[in-house]
Amino acid sequence: MTDLFIKVKVQQQQQLPFVLYCKPNSDRIVGLFQQNDRLYFLENFNEIGFVFAPFDGDSIPYIPQKYSDVLVEKVTISDFYVETIITDSTDEQVKNTFERLVQKGLEAIDNNQFQKVVLSRKELVDLIDYDLDTVFKKLIYNYPTAFNYCFYHPKIGIWLGATPEQFLKLNQKSLQTVALAGTQVASNSDKIYWNEKEKVEQQLVTDFITSGLVGKVNKLVVSSPYSVKAGNLWHIKTDITATLKSEKVIAEIMIAMHPTAAVCGLPKETAKAFILENEEYDREYYSGFLGELNIDFATFRTQQTDLFVNLRCMKIVGKSAELFVGCGITKDSIPADEYNETVNKSMTMRRVL
């Protein structure tokens, strides 16, 4: 066991907050270990630390760099291979409930309440021989192109994830983000075909992001959509770059973009109200955002922010794992297909359990 994972054990025993993470395509694991058990909240986005924002709510927790120890370890991804067995996750009652929710969303779209809504569900998986170190290493091995993390706070709980989606990356005044939507299971074929439903969903996400940036940035550049693989799934991705007019607009941009159309819908406020009223469970930190705020902890360079949307994630509760999965609903959605999409997405976390 390395110094990093020894420190994790100590923090758990003392019930002190910590976060472990490995950035996409990185060979370094960063550990941030808070020295007390206080729950800190952002006040103005000028703080330095690791952010863990919820889907809904104005209070955004973070682990401050000022009150934390930082450890960075280099890893060889191939050393982290662990045998994986995936179990079937189909439950007829869960399937029927989710399909009814999707149908309700479709009816709201037909009534012109919104163009798109992202609906989700929570799936419970019993844990057998669960070990945090092993699960985190499985995440890194299986999903090297994702942002892999394990976040713990005694007042929040234990969360793990492998998210494929950048929320916001800032390097002084340089801004990068992505629009990510559309999902299909990876096959042996090199040719990826997208139907109109996925293309429309992707364009809605792209339009949402660019409209939120207008007036706050210069030199806005939007790439053509392209296919990208994340674990066992393909998505459509669009890269978006810009230059901030002023560093004072960072908070405005984050507020405008969160939650994104990729996890909420369009128009945002109407879709969000529908989600909160109809999903019948608390998303908590699923589909929020997380990551480094105003610092790169591997190099300790300041004025660097690297945030990701909290997708493909789970919360550990006792001897169970709560898996969070969702999908974008547009006028062309088919309830049974959308349920199957959530099953495919749940495999991301099932593979490491």
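This is a predicted model: local features need pLDDT of at least 70, side-chain atom pairs count only at pLDDT 80 or more; totals for chains, interfaces and linings use all residues.
## Basis of the values

Local features require pLDDT of at least 70 and side-chain atom pairs pLDDT 80 or more, whereas totals for chains, interfaces and linings use all residues. Residues are numbered from 1 along each chain as its sequence is written, and side-chain values use heavy atoms, without hydrogens and water.

## Overall fold

The protein chain contains 7 helices and 21 strands, taken as DSSP runs (H or I, at least four residues; E, at least two) numbered from the N terminus. Its C-alpha atoms fill a box of roughly 55 × 50 × 40 Å along the principal axes.

Of the contacts (heavy atoms within 4.5 Å) with a separation of 6 or more, 72% join residues 24 or more positions apart.

## Burial and nonpolar cores

Buried residues (under 20% relative accessible area, 1.4 Å probe, protein chains only) form 56% of the 353 residues.

The largest nonpolar core comprises 56 residues, with Tyr149, Trp159 and Ile253 making the most contacts inside it. Helix α4 (residues 196–213) gives the most to this core, with 5 residues. Apart from it lies another core of 29 residues, including Phe5, Val8, Met314 and Val352. A nonpolar core is a set of buried Ala, Val, Leu, Ile, Met, Phe, Trp, Tyr and Cys residues joined through side-chain atoms within 4.5 Å.

Key: Buried means under 20% relative accessible area, exposed over 50%, partly exposed in between (1.4 Å probe, protein chains only).
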